[in-house]
Structure formats: C-alpha cells, structure tokens
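Hi everyone, thanks for coming. Have a look at the model on the screen, and then I'll walk you through it.

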Amino acid sequence: MRVYVDPERCRGHARCLTFAPNAFEYLDLEDRVVASDGEIAPEDEDSVRRAEQECPERAIRIYDQGDVR
Ligand code: F3S
C-alpha cells in the first residue's frame, strides 16, 4: 500500500496525524500534511485507511496494487 496527500485539498485539519502519525508529516509553514515516505507497512494499513475515511477534505489517496481509490 502507498498513500498520497493531495496538496490542493489538504487544509491542515491534522486528523490523519491522530490516526496514523507514522504515515504523515505536518508542514508548519504550509499548514498542510504530506505522506512521510508514501510506503505503508502492513501493520499500519488499517490506521491509514481510517485516516483516509476521517479526512474531512477527502485529501488522502490510497494506492493498492497500482490502483487509486
Ligand atoms: Fe490534511 Fe485531511 Fe490530514 S485535511 S491534515 S489530509 S486530515
């Protein structure tokens, strides 16, 4: 699994950091979040899926086996 944060949609709500702090990094100067390195360890996949569901801006994209959800 890989994850991407759409910079056009992210508004810095930071809910993703609550659910999957290892998968995202907050950029103070830009008040938004980026994916840490994009590659998600199997044990963190459920947390990242929860973060995707909880983002109010629908800014998080998950890639599974080459497909975008
Ligand atoms: Fe941005 Fe959504 Fe996280 S708006 S900071 S990706 S909860």
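So, in which loop is Glu-30 found? Glu-30 is found in the loop between strand 2 and strand 3. Quick note on those names: helices (H or I, at least four residues) and strands (E, at least two) are DSSP runs, numbered from the N terminus.

Some ground rules before we go on. This is a predicted model, where local features need pLDDT of at least 70, side-chain atom pairs count only at pLDDT 80 or more, and totals for chains, interfaces and linings use all residues. Residues are numbered from 1 along each chain as its sequence is written, and side-chain values use heavy atoms, with hydrogens and water left out.

Back to Glu-30. Glu-30 has a relative accessible area of 48%, so it is partly exposed. Buried means under 20% relative accessible area, exposed means over 50%, and partly exposed is in between, using a 1.4 Å probe and protein chains only. Glu-30 and Arg-50 are 20 residues apart along the chain, and their C-alpha atoms are separated by 24 Å.

Now Ile-40, in the loop between strand 3 and helix 2. Buried or exposed? Ile-40 is buried, because its relative accessible area is 7%. Not counting residues up to four places away in sequence, Ile-40 touches Met-1, Val-3, Ala-23, Glu-45 and Val-48; contact means heavy atoms within 4.5 Å. The C-alpha atoms of Ile-40 and Glu-57, 17 residues apart along the chain, are separated by 21 Å.

Staying with helix 2, its buried residues are Val-48, Ala-51, Glu-52 and Glu-54. They pack against strand 1 (2-5), helix 1 (15-19), strand 2 (24-27) and strand 4 (60-64).

In soluble globular proteins, nonpolar side chains tend to be buried together. A nonpolar core here is a set of buried Ala, Val, Leu, Ile, Met, Phe, Trp, Tyr and Cys residues joined through side-chain atoms within 4.5 Å. The largest one has 17 residues, and Val-3, Val-5, Phe-24, Val-48 and Ile-60 touch the most other members. Strand 1, strand 3 (32-35), helix 2 and strand 4 each supply at least two residues of this core.

Ile-60 has contacts with Val-3, Tyr-4, Val-5, Cys-16, Phe-24, Ala-51, Glu-52 and Cys-55, leaving out residues up to four places away in sequence. Ile-60 is also one of the residues around the ligand, and others there include Val-5, Cys-10, Cys-16 and Cys-55; being around it takes a heavy atom within 4 Å. By class, that shell has seven nonpolar, two polar and three charged residues.

Ala-14 is partly exposed, since its relative accessible area is 27%. The other is Arg-58, in the loop between helix 2 and strand 4. Arg-58 has a positive phi near 55°, and it isn't a glycine either. Arg-58 counts as partly exposed because its relative accessibility is 43%.

Technical notes: Nonpolar A, V, L, I, M, F, W, Y, C, P; charged D, E, K, R; others polar.
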